[in-house]
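This report describes how the parts of one protein chain are packed together. Please examine the sequence and the structure before reading on.

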Amino acid sequence: MRTVIAASAKFPQLGRAFYEAGPCFGANRLSGYMRRMNEEGVLSIGDIDRAAWQFLELCQAGTFKPLLFRMTDELPMSEIQAGVAAAIDVFMAAYGARAKAGAAVE
């Protein structure tokens, strides 16, 4: 990723290709899943594309930058799992249909 970012100033098409094949592709797939969950009433999301990106960023919270800046070379699986579980908790508190229904009742 660092190499692509550095090279993108001189070769912008490289950055675009990487973005479209990697992060954008993943976010689009996640959006499709979230759209189905929204239709089934599991989620209550107004802007599904934005929510997909938010979830992906939540999953990286506290783990990506230490790796990016070489503060650590590897994360234990337990730390990755804890980060994803926390991301799910936050995401569902914001977008879970049950969470919103409960908030409306109180």
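Tyrosine 19 is partly exposed, with a relative accessible area of 41%. In this report, a residue is buried under 20% relative accessible area, exposed over 50%, and partly exposed in between, as judged with a 1.4 Å probe on protein chains only. The model is predicted, so local features need a pLDDT of at least 70 and side-chain atom pairs a pLDDT of 80 or more, whereas totals for chains, interfaces and linings use all residues. Residues are numbered from 1 along each chain as its sequence is written, and side-chain values use heavy atoms, leaving out hydrogens and water.

**Aromatic pairs**

A pair of aromatic rings is described by the distance of the centres and the angle of the planes. Rings of Phe, Tyr and Trp (for Trp, its six-membered ring) pair if their centres lie within 6.5 Å; such a pair is stacked if the planes are under 30 degrees apart, edge-to-face if they are over 60 degrees apart, and tilted otherwise. This rule gives three aromatic pairs. In one of them, tyrosine 19 and tryptophan 53 are stacked, with 6.0 Å from centre to centre and 0° between the planes. Tyrosine 19 belongs to helix α2 (residues 12–21) and tryptophan 53 to helix α4 (residues 48–60), so this pair ties together parts that are 34 residues apart in sequence. Helices (H or I, at least four residues) and strands (E, at least two residues) are DSSP runs, numbered from the N terminus. Tryptophan 53 is partly exposed, at 28% relative accessibility.

The rings of phenylalanine 91 and tyrosine 95 form a tilted pair, because their centres are 4.9 Å apart and their planes stand at 50°. These two residues are four places apart in helix α6 (residues 77–95), and are therefore separated by about one helical turn. Phenylalanine 91 is buried, with a relative accessible area of 5%, and tyrosine 95 is also buried, with 17%. Ring pairs join Phe91 and Tyr95 with Phe55 in a cluster.

**The nonpolar core**

In soluble globular proteins, nonpolar side chains tend to be buried together. A nonpolar core is here a set of buried Ala, Val, Leu, Ile, Met, Phe, Trp, Tyr and Cys residues joined through side-chain atoms within 4.5 Å. The largest such core has twelve residues, including Leu30, Met34, Ile48, Phe55, Ala87, Phe91 and Tyr95. Helices α3 (23–39), α4 and α6 each give two or more residues to this core. Helix α4 provides the largest share, four residues.

Which residues does isoleucine 48 touch, not counting those up to four places away in sequence? With contact taken as heavy atoms within 4.5 Å, isoleucine 48 touches Ser31, Met34, Arg35 and Asn38.

**Helix α6**

The 19 residues of α6 reach 26 Å from the first C-alpha to the last, close to the expected 27 Å. The expected span is 1.5 Å times one less than the number of residues. The buried residues of α6 are Gly83, Ala87, Phe91 and Tyr95. They cover an arc of only 80° around the axis, so they lie on the same side of α6. This arc is that of the directions from the helix axis to the C-beta atoms. An α-helix has 3.6 residues a turn, so residues three or four places apart point the same way. The face of α6 turned away from the buried side carries the exposed residues Ser78, Asp89 and Ala93. Serine 78 has a relative accessible area of 51%.

**Salt bridges**

Side chains of opposite charge can pair when their charged atoms come close. A salt bridge is a side-chain nitrogen of Lys or Arg within 4 Å of a carboxyl oxygen of Asp or Glu. The structure holds three salt bridges, listed below.

| Aspartate 49 | Arginine 35 | 3.9 Å |

The salt bridge between aspartate 49 and arginine 35 links distant parts of the chain, with aspartate 49 in helix α4 and arginine 35 in helix α3, 14 residues apart. Aspartate 49 is partly exposed at 40%, as is arginine 35 at 36%. Aspartate 47 is partly exposed at 37%, while arginine 50 is exposed at 53%. Both aspartate 73 and arginine 70 are exposed.
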